[in-house]
Amino acid sequence: MDSPINIRQFTKDMTKREIAKLFEDRKIRTVWDDEAEKWYFSIVDVVGVLADSKDYQTARKYWNKLKQRLKEEGFEPVTNCHQLKLKAEDGKLRLTDVADTEQIFRIIQSVPSPKAEPIKQWMAHVAAERIDQLQDPELSIRQAMIDYKRLGYSDNWINQRLKSIEIRKDLTDQ
């Protein structure tokens, strides 16, 4: 279980970690938590994109209704989502509902939207790949190499990294 977020500590230098990502020319506010090593996404921004709502208030109302529906399905938004101060349109920091990657995917799955369908298909593809990797761990190693190359690491660095992971695993097994 994840440890709760210390909002005061988390928001002290949040401006260094706060990023606005664009999806189809729409801003989605995100924040990186160094300690938890997780991204947090503004739920209202994501829901606004999926519902094709350009108005913040409409997106907020949609999110409130969706929270009720999710609770009926057994998903606890109050437990699984947090509030962090994010920069609003007026430039002020305001408490905003945020969710980590896992929770935002769960929310996306619950939004009946044609814009959500490509994300849902991608998630199904990733889940199928992960299940394959559980059956054949060598696939995980290959995927790690591809990911490291995509991130710009050299072949030498990748080999050293994979060796250090193997050595660490051996040491912890002992």
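Modeller: This is a predicted model. Two packed helices are described by the angle between their axes and the distance between the axes. Here H2 and H3 pack with their axes 8 Å apart and at an angle of about 100 degrees.

Biologist: Which orientation does that give H2 relative to H3?

Modeller: Angles from 65 to 115 degrees count as roughly perpendicular, so H2 is roughly perpendicular to H3.

Biologist: Which residues of H2 and H3 meet?

Modeller: From H2 come Ile43, Val44, Val47 and Gly48, and they meet Tyr56, Ala59, Arg60, Tyr62, Trp63 and Leu66 in H3. By class, the contact of H2 with H3 has eight nonpolar residues, one polar and one charged.

Biologist: At what angle do the axes of H2 and H5 cross?

Modeller: The axes of H2 and helix H5, residues 101-109, cross at roughly 30 degrees and come within 11 Å. Angles under 35 degrees count as roughly parallel, and H2 is therefore roughly parallel to H5. The crossing of H2 past H5 is right-handed. On the H2 side the contact is made by Ile43, Val46, Val47 and Leu50, and on the H5 side by Ile104, Ile107 and Ile108.

Biologist: How many nonpolar, polar and charged residues are in the contact of H2 with H5?

Modeller: The contact of H2 with H5 has seven nonpolar residues, with no polar and no charged ones.

Biologist: How are H7 and H8 oriented to each other?

Modeller: Helix H7 (residues 137-150) packs with helix H8 (residues 155-173) at an angle of about 140 degrees, and their axes are 10 Å apart. Only angles over 145 degrees count as roughly antiparallel, so H7 and H8 are oblique to each other. H7 and H8 make a right-handed crossing. Ile141, Ala144, Met145, Tyr148 and Lys149 of H7 make the contact with Asp155, Trp157, Ile158, Arg161 and Leu162 of H8. The class count for H7 with H8 is seven nonpolar, no polar and three charged residues.

Technical notes: Residues are numbered from 1 along each chain as its sequence is written. This is a predicted model: local features need pLDDT of at least 70, side-chain atom pairs count only at pLDDT 80 or more; totals for chains, interfaces and linings use all residues. Side-chain values use heavy atoms; hydrogens and water are left out. Axes are lines fitted to C-alpha atoms, for helices over the stretch in contact, and angles run from 0 to 180 degrees between N-to-C directions. Helices (H or I, at least four residues) and strands (E, at least two) are DSSP runs, numbered from the N terminus. A crossing is left-handed if the near helix is turned anticlockwise from the far one by less than a right angle, and right-handed if clockwise. Contact means heavy atoms within 4.5 Å. Ala, Val, Leu, Ile, Met, Phe, Trp, Tyr, Cys and Pro count as nonpolar, Asp, Glu, Lys and Arg as charged, and the others, Gly among them, as polar.
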